[in-house]
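Morning, everyone. Please look at the sequence and the structure while I talk.

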Amino acid sequence: MLEWWFSDQLQLGLAQAAVAALSAVVLVLLARKRGVHLEKETSVAMVRGAVQIVAVGSLLVLLLHGPGWISSFLLAGMIVAAGGTSARRAKGLPDAFRISTLAIAFGAGSVIAVMTALGVIDSGITALVPIGSMLIANSMNTNGLALNRFRADVVAHVGEIETALALGADAHSSVSPFVQASFEASLIPAIDSLRSLGIVWIPGLMAGMLLSGARPVYAALYQFVALAMILTASGLTSLLSTLLIRNQIFTAAEQLVPLSGR
Amino acid sequence: MAGADLPSSTGLSTSSIVLRVKDLGRTVKNQDDDKILVTEATFDVSAGDTLAIVGPSGSGKSSLLRLLNRLDEPTSGTVYLLGQDYRQIPPRELRAKLGMVMQRPYLFPGTVEQNLQFGPAQRGRKLTHATINELLADVGLQGYSERNVAHLSGGEAQRVSLARTLANSPLLLLLDEPTSALDQASKVEVEMALLKISHDQKLACILVTHDTSQALRMAQRALVLEAGRIVRMGPTAEVLNA
């Protein structure tokens, strides 16, 4: 319907963005009726997301023919930004930014590096940056889920943790059930995405490849490759961040550090 | 015994002193000011001796107990376990020796036996069935080893918690209001188990309680805390009737 009113592609894009944003406003209003206030967080996230993606899109146009090292520079910047965003989901956990950044760099970074070296990801900037960013973004989400769950579990189970410590358990053993639960819970979205691939959804990457003329079977296979890489990157990120964060919630004398909400 | 090197502050024989608390304190920093949780606590506990810590809510009873097995760090003073400064003892070893029973039992999912094996397993040890049965008999729960802890009553769970602490063969028991969350019948069961154990094993016990009649029943000595400071200490009847 919008195509009838907007012949220019840019105008059409803006109109489509406005309609999509309007749907989010409807969600905010529905949540408000239920007493959940998403107004500020949602509007800030939408404005930030729109500005950022348009800025990066414009930048990519400029960098399309740039030297290869620019990809690494962009991906490194994305990892740091992802670390910051992810750490905000772990409020109250000490050193969350450093740990999130390190974990995402390890999880997403190692998958990007290995897969690029093996030729699974094309090393050209137009492939490397979008696919790399997809891995970083998913690692960021997984990391946020893992840390958020870990913090909530620790706050809710202070008694159990201190009982284990009081019985002579070491700090790591006293929180190991919560490290494991956080890791498992954080991977649910990535595993479900892979499990439901093609049945519940046809992701954007495959749709884009089909639109640009790729053979459907190759597009489908590459979509599987992308989701498998996401699962690996997310899993490595979550594994490292949950292992690192458990060290931060104890003192040298193996005393549980009070977290907010405790 | 290393404790013999220390001067006695109570007139008790230093050779029987298990735990000596010296000028112990903890102050935490708030946004506006410092909050004193415990200050200048000094007392001894000997083998077979039960000391009750009583005082109003918020007086620092549980804070003091947490300092004794180093679940929290003192900001002043220290504690000597058999004459050795407890900061020189690895925390895990220290906590196994100073067995703590919390207000709520916090049993781990699984069977009673698995709970009893938890502490020894941390040091690579496994209790025999005979030892498990002995521990359960001490708390009046013979035949409970295979029971799932999810199906225990409050009093039974607290007695399993006590047996789990005893499985570490502690030198001293730290009891943090162990019966305050129980009904009258369960409270009597736990008290009986505690009295039997402290009598039979000559264990030193420190009992935090807000129930002065319980302190009179169970402890030979008592100290009263107010705003983190010990304001009275001595034989239980004298201290509580003062």
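One definition before we start. Two strands count as paired if DSSP finds at least two bridges between them. Keep that in mind. Also, this is a predicted model.

Let's begin with a strand in chain B. Strand β9(B) covers residues 221–226. Is β9(B) mostly covered or mostly open? Mostly covered: five of its six residues are buried.

Now its partners. Which strand pairs with β9(B) in the parallel sense? That is β3(B), residues 50–54. Four bridges hold this pairing. Find B:L51 in β3(B). Opposite B:L51 stands B:R221 of β9(B).

Next, β10(B), residues 229–235. β9(B) and β10(B) run antiparallel, with six bridges joining them.

β9(B) and β10(B) form a hairpin. How many residues sit between the strands? Two. In this hairpin, B:A227 takes a positive phi near 50°.

On to the contact between the chains. Chain B gives 19 residues and chain A gives 14 residues. Where does the side of chain B come from? Two helices, α2(B), 91–97, and α3(B), 112–122, each supply at least two of its residues. The largest share is from α2(B), with four residues.

What kinds of residues are on that side of chain B? Seven are nonpolar, four are polar and eight are charged.

To recap: β9(B) pairs parallel with β3(B) and antiparallel with β10(B). And on the side of chain B that touches chain A, α2(B) gives the largest share. Thanks.

Definitions and conventions
Residues numbered from 1 in each chain as written. Chains lettered and ligands numbered in written order. Predicted model: local features only at pLDDT ≥ 70, side-chain atom pairs only at ≥ 80, totals over all residues. Buried ≥ 20, exposed ≤ 12 C-beta atoms within 10 Å, placed from the backbone. Contact = placed C-beta atoms within 7 Å. Nonpolar A, V, L, I, M, F, W, Y, C, P; charged D, E, K, R; others polar.
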